Amino acid sequence: MDAIVPPEDVTFDFRTLSARDRYKLMIGTVVPRPIALVTTVDPQGRINAAPFSFFNCLSADPPILALGVENHPDMSFKDTALNIRLTEVFTVNIVSHAIAEAMHVCSVPFAAGRDELQAAGLTAMPGSAVASPWIKEAPASFECRRHVTLELGKSRQIILGEIVFAHYHDDIIDTERMHIDPAKLDAIARLGGNTCSTIRDRFEMLTPTLAEFEAAMAGAPDRDS
């Protein structure tokens, strides 16, 4: 069998790159990234909603989610970060393909105090365990209490939230097995730039046991032959 010749490498010293170039390389490489449509309220009870793709789950025990929230160019807090600081709660709503366009409306730079959910045609439902609302049209929502905030320099916070309550559309979950149907969840993800993707193309890969791996290797042809 002919040897596979890998392509030539291109390297970057991240210590010498601009923040913009680092950002472009990271978001184009770490893909797909799930999108959190985060709902918060300010102390006056006004609702805010904003999407974030620097987001993922980090732990199941305790159940912790992470959000990466960047400040405005003048280093002032975005509404999401400020509201979480002041109220200690937020809700992560998973974005399905059905609400993708509505999520995009929530990224419009409205003036502070504007209800993005209303502008997007989404329905705010009162939280069950926290003051922050959840979105009725979202296939799944996690009500969270702020666990800890990590300050990364002057421009960004990593907000860790502990999930205290969850909402699901009843057609996407088998409550006996606690199994989520990915096809019915139909979540979207962010790629580089303005490109998004669905999770509709899937395949399964079962982790082999050690015995299965060794048996497969024993039957594999000699690569040098």
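Two strands are said to pair if DSSP finds at least two bridges between them. The views below show a predicted model.

**View 1. Strands S13 and S14 pair within an open sheet.** Strand S13 (residues 188-190) and strand S14 run antiparallel and are joined by three bridges. Across this pairing, Arg 190 stands opposite Cys 196 of S14. The two strands belong to an open sheet of three strands, ordered S1-S13-S14 with antiparallel pairing. Strand S1 (33-34) and strand S14 (196-198) are the edges of the sheet; each has a single partner strand, so one side of each is left without a neighbour there.

**View 2. Strand S2 is enclosed and has two partner strands.** Six of the six residues of S2 are buried, so the strand is largely enclosed by the rest of the structure. One face presents Ala 36, Val 38 and Thr 40, and the other Leu 37, Thr 39 and Val 41; all are buried. S2 is joined to S3 by six bridges, in an antiparallel arrangement, and Leu 37 has Pro 51 of S3 as its bridge partner. Five residues separate the strands in the hairpin of S2 and S3, where Gly 45 takes a positive phi near 85 degrees. S2 also runs antiparallel to S6, with four bridges between them; here Ala 36 has Ile 94 as its bridge partner.

**View 3. The largest nonpolar core contains 21 residues.** The members that touch the most others are Val 38, Phe 55, Leu 67, Phe 90, Val 92 and Ile 94. Two or more residues of this core come from each of strand S2 (36-41), strand S3 (47-52), strand S5 (63-70), helix H2 (79-87), strand S6 (89-94) and strand S9 (140-152). Another core, of 15 residues, lies apart from it and includes Leu 37, Ala 100, Ala 102 and Leu 117.

**View 4. Surroundings of Phe 55.** With neighbours within four places in sequence left aside, Phe 55 is in contact with Pro 34, Ile 35, Ala 36, Leu 65, Ala 66, Leu 67, Val 92 and Ile 94.

**View 5. Phe 142 and Tyr 168 form an edge-to-face aromatic pair.** The count of aromatic pairs comes to two. In the pair shown, the ring centres are 6.3 Å apart and the planes stand at 85 degrees. Phe 142 lies in strand S9 and Tyr 168 in strand S10 (residues 156-168), so the pair ties together parts 26 residues apart in sequence. Phe 142 is buried, with a relative accessible area of 17%, whereas Tyr 168 is partly exposed, at 34%.

**View 6. Arg 114 lies over the face of Phe 110.** The distance from the ring centre is 4.7 Å.

Terms used: Residues are numbered from 1 along each chain as its sequence is written. This is a predicted model: local features need pLDDT of at least 70, side-chain atom pairs count only at pLDDT 80 or more; totals for chains, interfaces and linings use all residues. Side-chain values use heavy atoms; hydrogens and water are left out. A nonpolar core is a set of buried Ala, Val, Leu, Ile, Met, Phe, Trp, Tyr and Cys residues joined through side-chain atoms within 4.5 Å. Buried means under 20% relative accessible area, exposed over 50%, partly exposed in between (1.4 Å probe, protein chains only). Contact means heavy atoms within 4.5 Å. Rings of Phe, Tyr and Trp (its six-membered ring) pair if their centres lie within 6.5 Å; planes under 30 degrees apart count as stacked, over 60 as edge-to-face and the rest as tilted. A charge sits over a ring if NZ of Lys or CZ of Arg is within 6 Å of the ring centre and within 35 degrees of the ring normal.
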